[in-house]
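Hi,

Here is the structure I said I would pass on. Have a look at it first, and then read my notes below.

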Amino acid sequence: MDYQAGIIGTGGIAGMGILGMHKQEEIGTKKVKASHAGGYAETPNIELVAISDIDEDNLRKFGDAWNIPIDRQYVGHDSMLSSEDLDVVSVCTPSYLHHEHVIDAAQSTADPGVIWCEKPIASQVTEAEEMISVCAETNTELLVNHSFRFTKKLRQLRYLIQEEELLGDIRSVSAQFRMELLRNSTHVLDTLTFLLDTKPKEVSGYINGENEAIDSLGASKEVDDAGGGGFIIMKDGAFVNIDCTVPREFSSMCFQFTGTEGKLYMNNDDGEWRYWKLEDGTHVEQPIPGIEDAWTWDDDYRSAFPNAAEHIIELLDGSADNHSSGKVAAKSLEIIVGFYLSHYTDGRATFPLDRPLCDVSITSW
């Protein structure tokens with residue numbers, strides 16, 4: 001069966017490139033495969049047929065690059081949603097618009113079976129909860145694009161940790177990535193909750209107030225989203241340290257796990273994954289079962305988009321459970337909100353957040 005897709009928001013992650021990830025001279029001028037449109041293009045049985053944006057210039061550039069007919073290039077998402085019959089809608093707009101656009105798509109006559117929403121899910125926990133609720137009411141699968149969940153190596157690693165107990169009981173985790181918290185740390189936190197399969201109990205956070213998006217995105221205004229981090233106590237007792245204060249030019253996405261049966265080091269920027277098994281009190285380095293090479297941005301990140309598009313087909317066919325639902329995506333958002341609450345109140349935040357605290361909004365791009 002063939003499925004039809006539409007995109008709301010024709011910027012970088014939709015298919016036109018992102019500063020820091022792609023060549024600067026190509027951004028906004030040609031199609032980029034590591035994107036929603038690229039995922040659709042590489043996946044049989046699903047076709048990108050319609051796009052929408054409030055910026056008509058961006059809309060036309062995207063339409064030309066991805067060969068979308070002019071009569072299916074819509075100025076404004078309402079026009080597309082009221083004119084098209086779509087199986088899946090990608091929401092690729094800034095995070096503060098995700099709430100509006102996901103709900104509009106779910107309740108529209110376009111009647112998509114899946115909404116593929118960019119990360120982070122929203123700017124406040126209350127908005128995320130409403131998005132989840134509306135999608136459930138309209139029988140719409142909300143799939144959040146935390147890309148690492150769609151890579152085969154990370155899925156194998158989760159299996160090894162959760163099913164094969166590769167590390168035993170994980171007691172300590174340290175993670176680092178570039179600032180900012182909402183725009184970038186959501187990847188780190190979602191990866192951790194995916195691998196640990198547990199929930200946070202309490203956090204203590206730090207916000208440094210710095211961001212790079214004005215330079216890297218050409219953003220025109222200041223927002224709340226900034227570098228920072230803190231520690232998290234998980235419900236299973238694991239201690240997790242998060243550092244997202246490092247500027248882009250010399251940062252690395254790194255994880256270090258220490259468990260009762262072994263240790264694991266993952267550096268996704270430098271392409272190095274290493275595992276040590278604890279044998280008679282000594283850590284002995286061994287290959288990671290079923291994983292030949294380290295995770296890389298060039299191969300694994302780019303493969304995440306067609307992998308996600310293939311998963312969308314599975315969801316539409318009813319042959320799989322959602323790998324990256326709105327409910328699990330809300331976990332990382334709640335932790336980030338907890339960091340902000342902790343920093344600005346000089347205290348710790350406990351989970352689940354009390355209802356008034358769920359309304360705290362963190363502005364980003």
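Let me start with a term: on a 1 Å grid over the protein atoms alone, a cavity is a set of points where a 1.4 Å probe fits but cannot get out, and a pocket is an open set with protein on both sides within 12 Å along at least five of seven lines; a residue counts as lining if it has an atom within 4 Å of a point. For volumes, grid points are joined across faces, edges and corners, and the volume is the space filled by probe spheres set on the points.

Before the findings, please keep in mind that this is a predicted model, where local features need pLDDT of at least 70 and side-chain atom pairs count only at pLDDT 80 or more, while totals for chains, interfaces and linings use all residues. Residues are numbered from 1 along each chain as its sequence is written, and side-chain values use heavy atoms, with hydrogens and water left out.

**The cavity**

The structure has one cavity of 30 Å³ or more. The largest cavity holds about 40 Å³ of space. Around it sit L189, L192, T193, L196, I232, M234, V240 and I335. Helix α8 is the top contributor to this lining, with four residues, and both α8 and β9 (228–234) supply at least two. (Helices, H or I and at least four residues, and strands, E and at least two, are DSSP runs numbered from the N terminus.) Sorted by class, the lining of the largest cavity comes out as seven nonpolar residues, one polar and no charged. In this sorting, Ala, Val, Leu, Ile, Met, Phe, Trp, Tyr, Cys and Pro are nonpolar, Asp, Glu, Lys and Arg are charged, and the others, Gly among them, are polar.

Next, the second largest pocket, with about 390 Å³ of space. It is lined by 13 residues, and K199, K327, K331, E334 and P352 are the closest to its centre. Two or more lining residues come from each of α6 (125–137) and α11, and α11 has the largest share, five residues. This lining splits into seven nonpolar, no polar and six charged residues.

**How the helices pack**

How do α8 and α11 pack? Helix α8 (residues 181–196) and helix α11 (residues 326–345) have axes 9 Å apart, at an angle of about 120°. (Axes are lines fitted to C-alpha atoms, for helices over the stretch in contact, and angles run from 0 to 180 degrees between N-to-C directions.) So α8 and α11 are oblique to each other; angles under 35 degrees count as roughly parallel, over 145 as roughly antiparallel, 65 to 115 as roughly perpendicular and the rest as oblique. On the α8 side, L181, L182, T186, L189, D190 and T193 meet V328, S332, L333, I335, I336, F339 and Y340 of α11, where contact means heavy atoms within 4.5 Å. The residues of this contact are nine nonpolar, three polar and one charged. L189, T193 and I335 belong to this contact and also to the lining of the largest cavity.

Helix α11 has another partner in α6: their axes come within 10 Å and cross at roughly 175°. That makes α6 roughly antiparallel to α11. V125, A128 and I132 of α6 meet G326, K327, A330, L333, E334 and V337 of α11, a set with six nonpolar, one polar and two charged residues.

What about α5 and α6? The axes of α5 (98–106) and α6 come within 9 Å and cross at roughly 10°, so these two helices are roughly parallel. H98, H99, V102, I103 and A106 of α5 make the contact with E127, E130, M131, V134 and C135 of α6. By class, that gives six nonpolar, two polar and two charged.

Most residues other than glycine have a negative phi, and most peptide bonds are trans. Here are some exceptions to look up.

- K119 to P120 is a cis peptide bond, with omega near -15°; P120 lies in the loop between β5 (114–118) and α6.
- M179 and E180 are joined by a cis peptide bond as well, with omega about 25°, and E180 is in the loop between β7 (170–178) and α8.
- D111 is not a glycine but has a positive phi of about 55°; its place is the loop between α5 and β5.
- N139, again not a glycine, has a positive phi of about 60° and is found in the loop between α6 and β6 (141–145).

Cheers
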